[in-house]
Amino acid sequence: MALIKSISGIRGTIGGLPNTNLTPLDIVRFSAAYGSMLLSGNKSAKVVVGRDGRISGDMVNQLVLQTLVGLGIQVVDLGLSTTPTVEMAVKWEKADGGIIITASHNPKEWNALKLLNSDGEFISAEAGAQVLELAAKESFKFAPVDKLGSITTNDTYLDKHIEVVCNHPLVNVEAIRAKNLKIVVDAINSSGAIAMPKLLKALGVEEVIVLNEEVNGKFAHNPEPLPENLSGLSAEVKKKDASLGIAVDPDVDRLCFVCEDGSMFGEEFTLVAVADYVLSNRKGNTVSNMSSTKALKEITLKHGGEYFPSPVGEVNVVKKMKEMNAVIGGEGNGGIIMPDLHYGRDALIGTGLFLSALAQHKNGIKSFRSRYPDYFISKNKIELEQNIDVKDLFEKIKKKYKKQPVNTEDGLKIEFDSDWVHLRTSNTEPIIRIYAESNFETTANNIALRLMQDIKEFL
């Protein structure tokens with residue numbers, strides 16, 4: 001059981017003792033802290049709230065809504081929605097902020113409050129620190145009875161989001177329709193079961209088969225859209241003789257594809273393929289986090305742009321994208337950020353752009369994948385016990401590899417000729433992630449294994 005308090009929100013397991021898990025008391029405390037921050041120096045505030053399909057979603061949603069009402073805040077409740085839809089709705093509503101109730105790719109026992117600013121983007125480190133401080137002090141002033149807030153419900157924003165995606169200048173609905181695709185979607189028993197079929201129909205895809213379509217939060221498999229969790233989707237694509245498969249995570253901000261033969265397109269290459277398509281239409285720069293494939297840099301240079309790495313985390317990618325005026329960016333976990341739509345990972349615009357790129361390709365998705373290199377990223381993690389001094393651990397590893405180029409901007413990234421390994425603590429789980437990339441799968445695995453042995457040795 002766990003409770004992780006970070007500058008971007010609060011995430012934890014449902015049940016158990018307060019302050020060590022995400023209990024009703026913790027949900028109220030952090031909702032009140034966030035609402036109090038928005039009201040600081042203001043007489044009123046408006047907040048957009050939406051949730052994914054988790055088992056605990058409705059319970060957490062009710063606690064969040066009523067806490068904000070108790071502060072005197074006007075709340076717009078989107079109900080079951082996607083993370084990118086909530087982000088866009090904040091701007092459409094001209095709201096002061098938003099709360100997304102989702103633990104993203106975490107298992108079913110987890111939930112979280114993701115906190116947004118008035119731009120529909122994750123709050124800054126400074127704002128996050130303020131929320132944590134207010135929560136710790138329980139420094140809240142609730143509204144008197146005649147100044148309580150109100151709740152309005154609005155379930156139209158997902159349709160508006162889909163409409164905006166279909167009208168995007170680089171999304172070619174006619175070309176997608178002409179491709180006559182049959183697509184299998186793994187909706188992982190959450191919001192994607194509502195969002196993805198609607199989107200695909202609007203994009204002109206007539207045959208859509210949905211796996212795990214009951215929105216009950218009882219995830220049919222580990223909800224992170226990684227190859228090892230998508231065997232069911234892979235088998236169904238082959239069984240139904242489909243053009244491709246699509247997998248999203250529970251809050252629909254991550255996206256990956258399965259080829260017609262059941263093989264993986266590779267979640268790292270979702271961004272690479274979309275960026276290649278965007279850059280062939282718009283010249284400019286790109287950004288991804290430093291745990292993402294080097295293929296994006298190569299594609300960007302090919303199109304005459306510049307590539308910039310950022311620390312891991314959507315807020316960091318967005319900050320770097322704004323600084324470098326990037327035309328596209330994201331993360332190698334299947335997160336696409338299209339700034340002319342909004343600064344947030346969005347599987348809906350990602351799908352529209354990817355299918356538009358595929359529609360221009362003569363053959364199927366397997367052939368489309370062959371346009372890009374076969375780099376391998378070995379993705380691993382080590383669970384952390386409490387009170388581990390990670391900073392000291394990383395210093396020891398840095399010392400061991402002092403002859404190699406090392407970047408300490410976000411954890412520890414070590415380069416070995418054309419290969420690299422990145423070690424960092426997770427923002428969302430009590431773990432160290434160890435990612436290594438090479439032209440060869442065995443080399444990537446061996447580099448990661450070597451560093452994991454180093455970690456265990458120094459621990």
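1. Basis. In this predicted model, local features need pLDDT of at least 70 and side-chain atom pairs pLDDT 80 or more, while totals for chains, interfaces and linings use all residues. Residues are numbered from 1 along each chain as its sequence is written, and side-chain values use heavy atoms, without hydrogens or water.

2. Helices α1 and α4. Helix α1 (residues 24-39) crosses helix α4 (residues 125-137) at roughly 125°, and the axes come within 8 Å. Axes are lines fitted to C-alpha atoms over the stretch in contact, with angles from 0 to 180 degrees between N-to-C directions. From α1, R29, F30, A33, Y34, S36 and M37 meet A127, Q130, V131, L132, L134 and A135 of α4 (heavy atoms within 4.5 Å). By class, the contact has nine nonpolar, two polar and one charged residues.

3. Helices α14 and α15. Helix α14 (residues 390-400) packs on helix α15 (residues 441-458) at about 125°, with axes 10 Å apart. This pair is oblique. L393, K396, I397 and K400 of α14 contact L451, D454, I455 and F458 of α15. Five of these residues are nonpolar, none polar and three charged.

4. H342. This residue sits in the loop between β15 (335-337) and α12 (347-359). H342 is buried, at 8% relative accessibility (buried is under 20% relative accessible area, with a 1.4 Å probe and protein chains only). Leaving out residues up to four places away in sequence, H342 touches P84, E87, M88 and I337.

Methods. Helix = DSSP H or I, 4+ residues; strand = E, 2+ residues; numbered from the N terminus. Parallel < 35°, antiparallel > 145°, perpendicular 65-115°, else oblique. Nonpolar A, V, L, I, M, F, W, Y, C, P; charged D, E, K, R; others polar. Buried < 20%, exposed > 50% of the residue type's maximum accessible area, 1.4 Å probe, protein only.
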